[in-house]
Amino acid sequence: MQILAISPDPNERSQGLAEKLRARYRFLADRDLAVTRRYGFVHPRGGPSGQDVPIPTTVVIDRRGIVRWLRVADNYQVRPDPADVARAARGL
Amino acid sequence: MMRFVPALLSVVVSLGAAVAYLSLLRVPAIRNHPALYLAGFALGAAIAAAAVWRSARWPNLAALAFSVALLVLGGYFNFVFARLPAASTVLKVGEAAPDFTLPDATGAAVTLASFRDQRPVVLVFYRGYW
């Protein structure tokens, strides 16, 4: 499977995070939140200085481009268990 | 000295709950149950309340004030501050994911549709550092 991690962070920051995590993620920069907004995952004025920020969300998409699994956080402390994501993506 | 053991225990339980939760953030089963640290704070407050009920001396009162303060702050953080609004229901299971192109960390353009018929894709929207 391909993991694409999307945030408004600039690329240099995301690259640093990727190296720190030694993750096989590809980090994509959505500087103006255009894609995040199109997906409906924007928390209006949720940032510390009142800026819009993403709602942490995980989406599993099959080979045909269809959404098969979706978890939208309702509390930012809570993230999907990677084992659940792997299970959702297995066999797609 | 022995009679202030419950006050000390209360502080240790409350602080221990906060330290344990923060140090186990990488364990999904802990991270995804923030109520665990609230339970620790509540236990600390209950121990201190019992100590105060037996003897309203200042160490017991201080332990009660400390653990209740942690419980109130933790409850506010978990139930109010960390709450997120519902996402708009643009995306539904069973529907096509909207295509997009974004630059990756090397500046190369990545298009969602390029993975079509290749492999499944997991999109992780995260908040970043701001």
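## Helix H4 of chain B and its packing partners

The buried residues of H4(B) pack against H1 and helix H3 (35-54) of chain B. This is a predicted model, in which local features need pLDDT of at least 70, side-chain atom pairs count only at pLDDT 80 or more, and totals for chains, interfaces and linings use all residues. Residues are numbered from 1 along each chain as its sequence is written, and chains are lettered from A and ligands numbered from 1 in the order in which they are written.

The buried set in H4(B) is B:Asn60, B:Ala63, B:Leu64, B:Ser67, B:Leu70, B:Leu71 and B:Gly74. Buried means 20 or more other C-beta atoms within 10 Å of a residue's own, with C-beta atoms placed from the backbone. Helices (H or I, at least four residues) and strands (E, at least two) are DSSP runs, numbered from the N terminus. An α-helix has 3.6 residues a turn, so residues three or four places apart point the same way.

Now the two pairings. Axes are lines fitted to C-alpha atoms, for helices over the stretch in contact, and angles run from 0 to 180 degrees between N-to-C directions.

| Helix pair | Axes come within | Crossing angle |
|---|---|---|
| H1(B) and H4(B) | 8 Å | roughly 20 degrees |
| H3(B) and H4(B) | 8 Å | roughly 155 degrees |

H3(B) is therefore roughly antiparallel to H4(B). H1(B) and H4(B) are roughly parallel to each other. The cut-offs are under 35 degrees for roughly parallel and over 145 for roughly antiparallel.

H1(B) and H4(B) cross in a left-handed sense. The near helix is then turned anticlockwise from the far one by less than a right angle. From H1(B), the contact uses B:Ala7, B:Ser10, B:Val11, B:Ser14 and B:Ala18. From H4(B), the residues include B:Pro59, B:Phe66 and B:Leu70. Contact means C-beta atoms, placed from the backbone, within 7 Å. By class, this contact has 7 nonpolar, 4 polar and no charged residues. Ala, Val, Leu, Ile, Met, Phe, Trp, Tyr, Cys and Pro count as nonpolar, Asp, Glu, Lys and Arg as charged, and the others, Gly among them, as polar.

H3(B) also passes H4(B) in a left-handed crossing. Among the H3(B) residues that meet H4(B) are B:Tyr37, B:Phe41 and B:Val52. The contact of H3(B) with H4(B) has 15 nonpolar, 6 polar and no charged residues.

How values were computed:
Angles under 35 degrees count as roughly parallel, over 145 as roughly antiparallel, 65 to 115 as roughly perpendicular and the rest as oblique. Two residues are in contact if their C-beta atoms, placed from the backbone, lie within 7 Å. A residue is buried if 20 or more other C-beta atoms lie within 10 Å of its own, exposed if 12 or fewer, and partly exposed in between; C-beta atoms are placed from the backbone.
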